Amino acid sequence: MNKFGYLFEARGIQRFLFATGKLKDMVDGSELIDFICGSGGYLDQVLDSLSLDPIIVRKAGGVFYLVFEREEDAQRLQNVWRLAAARWFPTLECVDALASGNSVREVIQQGLLLLAQNRNVMQADLPAASPLAARSPRTGLAAISHERGESLDAATTAIRQFERPQGSKCVTDRFLEESGINWPNNFESDAHHTRRFPLGQRKLIALIHADGNNLGVILRILNDACQNADDETYVDLYKTFSEGVTNATIEAAKEACAQVIRDQAQDHVLPARPLVLGGDDLSLIVRADLAVAFTQVFLAAFKRHSRDEISVLKALFVKHDMEEASRKLPDCLTACAGIVYIKASQPFYSAYAVAEELCKRAKAAAKPLQTEGQIVPSALSFYKVSDSLLNGLDTMLEQTQSAQHEHNGQRCDYQLGVDCYRIDGDETEQLPLLDDLHELIQRLTSGDTELKDRGLRELTTLLHTDLHLAKQNYRRWVQHANNQSQQNQSEQKQWSHVTAVNAFKRQLETLIGPLEDDLPVALKAGSSTQYQTVLSDLLALLVVAQEAPFKQGEMA
């Protein structure tokens with residue numbers, strides 16, 4: 001064995017960031033996490049102090065993989081890093097491993113296996129709290145300090161004491177670098193106006209979590225191609241891939257910020273706050289009405305920018321005489337995203353868990369539809385929380401978007417929202433297209449008097465309770481819309497068989513397929529007892545679209 005590695009991963013980042021529920025702590029905590037592997041950050045400081053110069057295979061987002069020529073160097077780093085980490089970011093879940101092998105590739109492969117095993121080891125939160133110890137009222141952990149009369153635990157103390165060195169680039173710099181524009185760090189009404197989040201009238205915000213698809217496929221291709229490659233080739237390919245994914249994510253975030261968020265600033269404060277941006281991950285808090293547009297631009301831009309990065313990787317494969325392996329690489333990467341809509345006062349930790357589950361839901365629906373080129377459709381899933389308490393996503397979906405009724409002597413299931421929407425019209429047609437849902441929204445918000453969303457809200461409620469009454473309600477809604485269309489056409493002396501309600505039905509059919517005669521639902525493909533519609537999604541986005549910002553001087 002002539003190579004030795006030390007691999008480290010910061011995990012449980014969401015628990016660390018959202019523990020207190022205060023936006024300022026989330027912001028400072030995200031900067032602290034980002035500084036672990038940042039230029040001149042904690043890792044660089046430790047390596048400099050130990051006079052170590054390892055081979056850096058990966059270094060980003062609280063994760064680093066380092067390879068040494070000497071075993072004692074890897075052990076020295078582990079010993080010092082564990083002590084330093086406990087001081088700099090206490091209670092953050094950390095997993096590390098020492099590995100060895102005859103090549104860098106063998107070291108990394110063994111290290112990744114050990115990391116996977118070590119993730120199952122439970123870690124204690126230190127310092128432990130005795131029965132007589134004071135506790136932080138926000139987290140329940142043992143308090144070690146006081147700030148303005150508030151007891152703080154070790155993690156919160158570390159976050160509030162952290163200051164990023166001057167000249168070190170912040171997380172927000174990767175979204176927008178412009179003087180005179182501020183990113184908010186506070187939801188409180190008494191916060192200074194230059195840092196107060198510009199909420200809308202309902203104080204609705206969205207928490208977005210996006211994650212790349214099929215990165216493991218490329219890593220497997222890379223590992224297989226490097227079976228007999230030297231260390232320099234393996235490191236070159238691995239770093240190019242890792243940095244390429246990060247570059248695509250950052251460029252996509254910049255593009256989405258410029259197109260959707262930049263012009264929405266109020267009093268020079270942007271209605272958004274980035275939390276995580278690194279590797280293929282993005283987490284962002286944004287004003288509710290901007291979330292879908294931001295995510296749609298981000299996912300499309302990530303796919304486009306990743307195409308350029310994959311082209312660079314393919315060229316590097318060819319350069320290293322791995323042309324056959326280069327042909328196995330996909331042309332681009334895609335990502336999926338989850339969006340949860342909540343009030344600014346609701347718990348962020350629970351909300352983030354829902355956003356992650358929504359992202360997984362989109363991935364689960366999109367992955368089986370990947371093309372022969374191993375490209376998974378870009379997709380997003382969203383959910384608007386209507387209760388004050390956030391339960392698990394499955395529980396909330398069962399309560400709000402599922403119903404069971406007897407129909408033609410059979411027990412039938414009715415799903416009132418779809419699993420996810422694709423954002424690219426050129427990708428598979430087996431998922432509903434988000435733009436088609438936008439067109440439905442425009443029909444209900446265009447100012448026409450024919451279509452009223454109130455009837456659809458009543459219908460959605462009745463679908464949970466009484467199928468017969470739901471059908472009666474739908475007939476009245478259709479009849480009223482047709483009567484209104486005839487009256488409007490008579491006044492304008494224009495006659496057309498394409499009434500507003502017929503156009504609405506046609507647009508709905510493009511999303512879910514042929515509708516039933518007596519309800520705006522469609523049978524799922526291959527089923528005779530499962531019906532679906534998009535009414536719940538439609539009504540949620542109608543509420544979100546009304547999240548108009550306060551005018552100057554009215555901000556809560």
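**Figure 1. Strand β7 is covered on both faces in this predicted model.** Leu204, Ala206, Ile208, Ala210 and Gly212 on one side are buried, as are Ile205, Leu207, His209 and Asp211 on the other. Buried means under 20% relative accessible area, exposed means over 50%, and partly exposed lies in between (1.4 Å probe, protein chains only). Strand β7 spans residues 204-212, and nine of its nine residues are buried, so the strand is largely enclosed by the rest of the structure. Helices (H or I, at least four residues) and strands (E, at least two) are DSSP runs, numbered from the N terminus. Residues are numbered from 1 along each chain as its sequence is written. In this predicted model, local features need pLDDT of at least 70 and side-chain atom pairs count only at pLDDT 80 or more, while totals for chains, interfaces and linings use all residues; side-chain values use heavy atoms, with hydrogens and water left out.

**Figure 2. Strand β7 pairs with β10 and with β9.** Two strands pair if DSSP finds at least two bridges between them. β7 and β10 are antiparallel and share nine bridges; histidine 209 has glycine 338 of β10 as its bridge partner. Strand β9 (residues 281-287) also runs antiparallel to β7, joined by seven bridges. Here isoleucine 205 is partnered by arginine 287 of β9.

**Figure 3. Threonine 334 sits in a loop between α10 (323-328) and β10 (335-343).** At 2% relative accessibility, threonine 334 counts as buried. Its side chain reaches the backbone oxygen of valine 376 at 2.6 Å. Leaving out residues up to four places away in sequence, threonine 334 touches several residues, including Gly212, Asn213, Phe302 and Glu427. Contact means heavy atoms within 4.5 Å.

**Figure 4. Four strands form an open sheet in the order β12-β13-β16-β15.** The pairing in this sheet is mixed. β12 (402-407) and β15 (522-523) are the edge strands, each pairing on one side only. Strand β13 (residues 410-415) and strand β16 (residues 530-532) are parallel, with three bridges. Aspartate 413 stands opposite glutamine 530 in β16.

**Figure 5. The whole structure has zero disulfides.** A disulfide is a covalent bond between the sulfur atoms of two cysteines; the search counts a pair of cysteine sulfur atoms within 2.5 Å. Cysteine 94 is in no disulfide, and the nearest cysteine sulfur, that of cysteine 37, is 11 Å away. For cysteine 170, the closest cysteine sulfur is in cysteine 257, 14 Å away and too far for a bond. Cysteine 170 counts as partly exposed, at 24% relative accessibility.

Note on methods. Polar contact = N/O pair within 3.5 Å; in protein donor to acceptor, adjacent residues only side chain to side chain.
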